[in-house]
Amino acid sequence: MRLTCDVEVLDRMLATANLRKASKPVRAQMAIGRSSPSNNVYMMICTTKDKSGSEQFGQSFHKADVIQLKSFLNVLRQVVQGKTLDKTVFSVLAPVTTKKIERPKTVMVITTKKNYPLTTNFPSTLETLQVNDCNMRRIDSRIFQLRNLVSLDLSDNSLNDVLDGIGSLQMLAELILKNNKFQKFPVTICKLKTLQKSLSLLDLSDNQIRQLPVQICELTNLMTLKADNNVIEQIPPTIGRLQNLKSVSLAGNKLTVLPAGFMRLRLENVDLYGNSFIITENETTADSVDVPTLLECAARYVRKYRLPYSEEDLHPHLCRYLDSARVCWCGSFCFQGSVGYTRMVDLRAVTSAITAVDTTGRTAVPVQGYLCSPQCLNKFKTDPNAYWK
Ligand SMILES: [Zn+2]
């Protein structure tokens, strides 16, 4: 019966005298077995310093496999209670090899194809995995088994899609897919409940992505979004929902205008250098807001109450209509029955650490918004800056 874990040895006598010796847990292998020649049952601790082992009591166990620890403690209880253990087969206690008590491998970096593990498995304890320049076209399904993975960097490969299997990585906080062959934003990432909760950094720089989809707003834990050097023309109007977002980097894209919802973000830094922003002085285009159509009323309701919809229940045309929702500065959704406005806004309204958007050092960008009702239009006309206050 063996168990590999971090062991901290405590002297209970010191504790009763209100003393505590400073100690640090060490990686060790615990074993319960018979000692020849006496054939009595002993517990042995082997560490890198003491591979042949010593017998001690009062240990606390850390970082052990839960199932192994349970069965180990079960056997230990039986021994302590003096139960007959004749039926339990114990091996004779023997020294261990260094490999057996090595700390579990948590980081793996592969930068050439020849180092890619084809015949061996990835260590199941990995927390950080980096696989670059391996011409990977699909994510290796063995990676989806790495339940402890926190950071996955697959930069500089040939990926163009992300499979559902990635949803089994429940701890995944960082996903780096820089310099691959994505032409579409991998929407799978946004739909998986596990990633919606865990993902805090997403890097899709140096791909060929045209659009950031509305679904990205489901990644509510996202703190860093990088998508530099793509061909992104649009940011979803609901982007302001990503209230944990602290850093946005969309340099070298094809943005002409930002949605007004962007101004709801409170960022630590933003980089929008080298886009195609159109400088405009246009304020608002209409004097009144029409009465919404029945279709518009129904669609506003669906979006307001976040009713789920898909092409299985609705005509694709209606799904696209629902996807095209605009967000009024009052927070309500609206569609064609709204009034649009465009105005120049300084990015200092969302962050203090800002990079200029062009070589002239300009920090103002055109922002496009919509007004859902006569009340909102009136408020806008009275004070167009109210939204950003
Ligand atoms: Zn409104």
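Y116 and F122 are both buried, where buried denotes under 20% relative accessible area, exposed over 50% and partly exposed the range in between, with a 1.4 Å probe and protein chains only. The model is predicted: local features require pLDDT of at least 70 and side-chain atom pairs pLDDT 80 or more, whereas totals for chains, interfaces and linings use all residues. Residues are numbered from 1 along each chain as its sequence is written, and side-chain values use heavy atoms, with hydrogens and water left out.

Rings of Phe, Tyr and Trp (its six-membered ring) pair if their centres lie within 6.5 Å; planes under 30 degrees apart count as stacked, over 60 as edge-to-face and the rest as tilted. By this rule there are five aromatic pairs. One of them joins Y116 and F122 in an edge-to-face arrangement, at 5.8 Å centre to centre and with 85° between the planes. Another brings together Y341 and F380, whose ring centres are 4.3 Å apart and whose planes meet at 35°, so this pair is tilted. It links distant parts of the chain, since Y341 belongs to strand β16 (residues 339–346) and F380 to helix α7, 39 residues apart. Helices (H or I, at least four residues) and strands (E, at least two) are DSSP runs, numbered from the N terminus.

Y341 and F380 are both buried, and together with W329 they form one aromatic cluster. A charged group also meets an aromatic face: R303 lies over the ring of F333, at 4.6 Å from the ring centre. The criterion for a charge over a ring is NZ of Lys or CZ of Arg within 6 Å of the ring centre and within 35 degrees of the ring normal.

## The zinc site

The zinc ion has four protein donors, the SG atoms of C328, C330, C372 and C376, at 2.2 to 2.4 Å. Donors are N, O and S atoms within 2.8 Å of the metal (3.2 Å for Na, K and Ca); water is not among the atoms, so sites may look incomplete. The four donor atoms subtend angles of 104 to 117° around the ion, which makes the arrangement tetrahedral. Four donors count as tetrahedral if all angles lie between 85 and 135 degrees; four count as square planar and six as octahedral if opposite donors are over 155 degrees apart and all others between 65 and 115, and anything else is irregular.

The sequence spacing of the donor residues is C-x1-C-x41-C-x3-C. C328 sits in the loop between β14 (326–327) and β15 (333–334), and C372 in the loop between β18 (364–371) and α7 (374–382), so the pair ties together parts that are 44 residues apart in sequence. C328 and C372 are both buried.

## The nine-stranded sheet

Nine strands make up an open sheet with parallel pairing, in the order β5-β6-β7-β8-β9-β10-β11-β13-β17. Two strands pair if DSSP finds at least two bridges between them. The edges are β5 (107–110) and β17 (353–354), each of which pairs on one side only.

Between β9 (201–203) and β10 (224–226), the loop contains L212. This residue counts as buried because its relative accessibility is 3%. L212 and F185 lie 6.4 Å apart, C-alpha to C-alpha, although 27 residues separate them in sequence.

## The three-stranded sheet

A second open sheet has three strands in the order β12-β18-β16, with mixed pairing. Its edge strands, β12 (258–259) and β16, each pair on one side only. β12 and β18 are parallel and share two bridges, with P259 partnered by Q368 of β18.

β16 and β18 run antiparallel and are joined by eight bridges; here M344 has P366 of β18 as its bridge partner. Six of the eight residues of β16 are buried, so this strand is largely enclosed by the rest of the structure.
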